[in-house]
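Work through these exercises with the sequence and the 3D view side by side. Try each task before you read its solution.

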There are 2 protein chains.
Amino acid sequence: MIETPSRILVVDDEPSITEFVSYALRKEGYDADIVDNGEEAFALASANNYDLFVLDIMLPGMDGYELCRRLRSKTTAPVLFLSARDTELDKVVGLEIGGDDYLAKPFGVRELIARVRALLRRGQGGEFPGASNSITASGITLDEDAHTAAGDHGEIDLTPREFELLASLMKSAGKVVSREDLLRDAWGWEYLTETKTVDTHIKRLRDKIHAAGYDPGLVETVRGYGYRFKA
Amino acid sequence: MIETPSRILVVDDEPSITEFVSYALRKEGYDADIVDNGEEAFALASANNYDLFVLDIMLPGMDGYELCRRLRSKTTAPVLFLSARDTELDKVVGLEIGGDDYLAKPFGVRELIARVRALLRRGQGGEFPGASNSITASGITLDEDAHTAAGDHGEIDLTPREFELLASLMKSAGKVVSREDLLRDAWGWEYLTETKTVDTHIKRLRDKIHAAGYDPGLVETVRGYGYRFKA
DNA sequence: GAAGATTGTCATAATTATGTTACTTGCTAT
DNA sequence: ATAGCAAGTAACATAATTATGACAATCTTC
């Protein structure tokens with residue numbers, strides 16, 4: 001089955017964010033275009049068939065709300081809002097306009113991708129109940145929808161961070177992932193957090209894996225480079 | 001498939017570094033230009049289509065940050081920052097500007113090339129998950145993603161230096177590599193280390209190769225010239 | 001708002017890696 | 001054969017990296 005990559009338009013005026021978002025999207029196999037203002041975004045959207053829009057609410061000139069309103073006249077493609085303001089009010093306003101989801105900064109790669117996937121699935125003729133969103137490696141299965149990790153010995157109870165961390169590792173099972181990449185994936189682009197913090201979370205993760213009856217050695221440390229989930 | 005070599009612009013005022021970096025890039029098949037100041041760099045970038053920029057943060061006159069900011073108005077090509085300052089703060093500042101990666105001095109050839117490759121791959125329509133990053137010679141396969149060295153008898157457990165050393169040798173399998181070149185590849189340009197140190201690491205490497213059940217003679221000594229990995 | 005869970009940071013301990021030196025072994029050319 | 005250089009080896013001190021436990025700050029939930 002040959003799939004055409006979904007086309008996504010990212011609209012934000014901060015290069016650091018567009019950079020981060022497009023990096024994440026492309027890595028995931030999406031086709032991402034970038035613009036830094038609403039006018040150009042609208043023009044691009046008129047000329048091309050995008051499958052999804054990622055809009056910052058705060059934009060110079062035409063803001064995200066306004067842009068979304070205009071886009072609705074052209075297309076039914078879903079919209080994912082980004083915003084620094086984490087208030088309930090913003091959330092409601094955004095969704096009322098017809099935006100389909102909302103993501104507060106700062107967000108990690110994994111969180112972003114999850115939302116994007118969900119929106120795209122929703123758009124393409126309903127959901128596929130069979131296509132469960134999960135990762136399996138070395139006897140552990142991680143269900144991204146249910147946010148659970150489990151294997152033969154039952155479930156492993158994880159905190160959100162631990163889950164994201166494990167997911168990042170398992171997604172690249174068999175490959176080394178650097179602390180920096182883990183921070184980018186599970187924390188976010190503005191990782192003001194120390195890379196040492198990853199060590200602590202790895203320790204907690206191993207403890208819980210062990211406590212649940214699995215091999216804590218599944219999470220291998222690769223000295224000098226990072227960590228690796230056993231393939 | 002014929003590929004045009006990627007064009008890379010290296011900007012640094014220290015000749016020892018530009019020399020080292022351009023040597024490494026050219027050896028890898030890239031087309032590298034050099035300038036020692038921001039103004040000329042910007043002019044060159046305007047006149048040519050570079051695929052990647054390697055910028056030192058510390059530059060006389062216009063510094064790396066400023067240059068990056070200006071380049072962003074001209075091109076979307078990724079930027080790799082070099083810096084002596086290894087602080088977290090610098091890192092964040094660099095990435096916020098939209099630069100794509102960051103390398104702290106001192107770094108070895110292999111590390112540099114790895115980053116450059118990653119950045120260029122990122123730009124060109126996503127990654128190819130199937131294209132595993134590995135070197136094979138004489139029954140040993142070195143997987144750069146997993147950071148493992150293995151053959152029929154199983155894995156060889158190596159320290160970071162040993163891994164880099166073996167990688168340098170295997171990359172030139174069948175050819176003699178001098179101690180100086182090995183230092184440059186696996187250590188860095190500022191090799192304040194004695195060439196005799198290479199001997200010690202070779203010894204350790206051979207021991208581990210032997211312990212894992214392989215022929216330690218795979219790493220051959222070429223008296224008077226250096227070492228060679230059996231082709 | 002209180003109890004509990006989650007998270008990030010730090011200090012310290014444990015572990016492992018690295019570079020150097022001094023010494024031994026082996027090759028090579030006269 | 002043997003002096004002289006090149007490489008192999010072992011031991012050691014130092015450096016770097018990771019694991020761990022404790023703490024405070026923050027966020028949740030009732």
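Two residues are in contact if their C-beta atoms, placed from the backbone, lie within 7 Å. The model is predicted: local features need pLDDT of at least 70, side-chain atom pairs count only at pLDDT 80 or more, and totals for chains, interfaces and linings use all residues. Residues are numbered from 1 along each chain as its sequence is written, while chains are lettered from A and ligands numbered from 1 in the order in which they are written.

**Exercise 1.** Find how many residues of domain 1 of chain A are in contact with domain 2 of chain A.

*Solution.* 
- Step 1: Count the contacts. Eight residues of domain 1 of chain A touch 11 residues of domain 2 of chain A.
- Step 2: Name the main supplier. On the domain 1 side, α5(A) gives the most, with three residues. (Helices are DSSP runs of H or I, at least four residues; strands are runs of E, at least two; both are numbered from the N terminus.)

**Exercise 2.** Decide which residues of α2 (38–47) of chain B are buried.

*Solution.* 
- Step 1: Apply the cut-offs: buried means 20 or more other C-beta atoms within 10 Å of a residue's own, exposed 12 or fewer, partly exposed in between, with C-beta atoms placed from the backbone.
- Step 2: B:G38, B:A41 and B:A45 are buried.
- Step 3: Look down the axis of α2(B). The buried residues fall within an arc of 55°, so they line one face of the helix. (The arc is that of the directions from the helix axis to the C-beta atoms.)
- Step 4: Turn to the other side of α2(B): B:A43, B:S46 and B:A47 are exposed.
- Step 5: Find the cover. It includes β1 (7–11), β2 (31–35) and α3 (64–72) of chain B.
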